[in-house]
Amino acid sequence: MVTDASPPPMDVLVLGASLRAGSLNARLAALVARLVQEAGATVHLAHMGEFVMPVYDGDIEAAEGLPPGALALSERLRLSDAVVIASPEYNASVPGGLKNAIDWVSRIRPQPFKDKHALLVSASPSLVGGNRGLWALRVPLEHLGTRVYPDMFSLAQAHEGFTDGGDLTDSGLHERLVEAVAAFLQLVEADTRYVCLRRRWYEFLGDRTNAEVTQRAQD
């Protein structure tokens, strides 16, 4: 008997990291989610407002444990092969709500961000498109062991950047985004389905799952 041995579709979480429901990054997240789905993956589109949590406080954690919002986000990450984060830029850095969520989720073991593939995108009315915020976002994610895709995407002057149908008004930029999403998914598939990348990139404190590995290496 011949059976279909094809692996199931990859599962991708697309997170709009702005708390404002009508934000430009929510629109960008929706577009990326559509592109991920068109590429054949299973997509889960989420909004930061779904994961309510207080400002991180060690006393709160000790007295009450982890908040439900952090646990819910952690579970979404655990069930996903990869995550795409559409993040705004606040004062040339990471928005506080997103950084706070990362801080809470970082307290969970096993660490949900470790070895997770991530694609970072941003949209902003500015001329740099929120790109400085993405560079700042890489720091905590890579510290936690996330495999952040090198090619980030930033949409400048985003208030004029979307068509009524949700595509990008600049066809060249739209094609670049399509190509970036496709290349990212190909890398994720290679790693999660065929395990062609050696996983040795652990630095955050408290990680004991590979205690014998002390150096960075990525093949």
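**Cavity, cores and pocket**

Analyst: The elements that each supply at least two residues to the lining of the largest cavity are β1 (11–16), α3 (68–78), β3 (82–86) and α4 (96–105). Helices (H or I, at least four residues) and strands (E, at least two) are DSSP runs numbered from the N terminus. The model is predicted, so local features need pLDDT of at least 70 and side-chain atom pairs 80 or more, while totals for chains, interfaces and linings use all residues. Residues are numbered from 1 along each chain as its sequence is written, and side-chain values use heavy atoms, with hydrogens and water left out.

User: What volume does that largest cavity have?

Analyst: About 80 Å³, and the structure holds 1 cavity of 30 Å³ or more. On a 1 Å grid over the protein atoms alone, a cavity is a set of points where a 1.4 Å probe fits but cannot get out, whereas a pocket is an open set with protein on both sides within 12 Å along at least five of seven lines; lining residues have an atom within 4 Å of a point. Points are joined across faces, edges and corners, and the volume is the space filled by probe spheres set on them.

User: Which residues line the largest cavity?

Analyst: L13, L15, M48, L73, L77, V83, I85, L98, A101, I102 and F113 line it, and α4 supplies the largest share, 3 residues. The lining divides into 11 nonpolar, no polar and no charged residues, with Ala, Val, Leu, Ile, Met, Phe, Trp, Tyr, Cys and Pro counted as nonpolar, Asp, Glu, Lys and Arg as charged, and the others, Gly among them, as polar.

User: And α4 itself, what do its buried residues pack against?

Analyst: The buried residues of α4 pack against α2 (58–64), α3, β3 and α5 (131–143), contact meaning heavy atoms within 4.5 Å. In α4, L98, N100, A101, I102, W104 and V105 are buried, that is, under 20% relative accessible area with a 1.4 Å probe and protein chains only, exposed being over 50% and partly exposed in between.

User: Changing topic, which members of the largest nonpolar core touch the most others?

Analyst: Of its 29 residues, V32 and L177 do. At least two residues of this core come from each of β1, α1 (24–38), β3, β4 (117–123), β6 (153–155) and α6 (171–194), and α1 gives the most, 8 residues. A second, separate core of 27 residues includes V94, A101, I102 and L137. Such a core is a set of buried Ala, Val, Leu, Ile, Met, Phe, Trp, Tyr and Cys residues joined through side-chain atoms within 4.5 Å.

User: What does V32 touch?

Analyst: Leaving aside residues up to four places away in sequence, V32 touches V14, V84, V121, L177 and V181.

User: Why does S154 count as buried?

Analyst: S154, in strand β6, counts as buried because its relative accessibility is 16%. Its side chain makes a polar contact with that of S122 at 2.9 Å, and another of 3.2 Å joins the side chains of S154 and N131. Such a contact is a pair of N or O atoms within 3.5 Å; within protein, one must be able to donate a hydrogen and the other to accept it, and residues adjacent in sequence count only if both atoms are side-chain atoms.

User: Lastly, which residues lie nearest the centre of the largest pocket?

Analyst: R78, Q111, P112, K114 and K116 do, among 16 lining residues. The lining divides into 3 nonpolar, 5 polar and 8 charged, and about 290 Å³ of space lies in this pocket.
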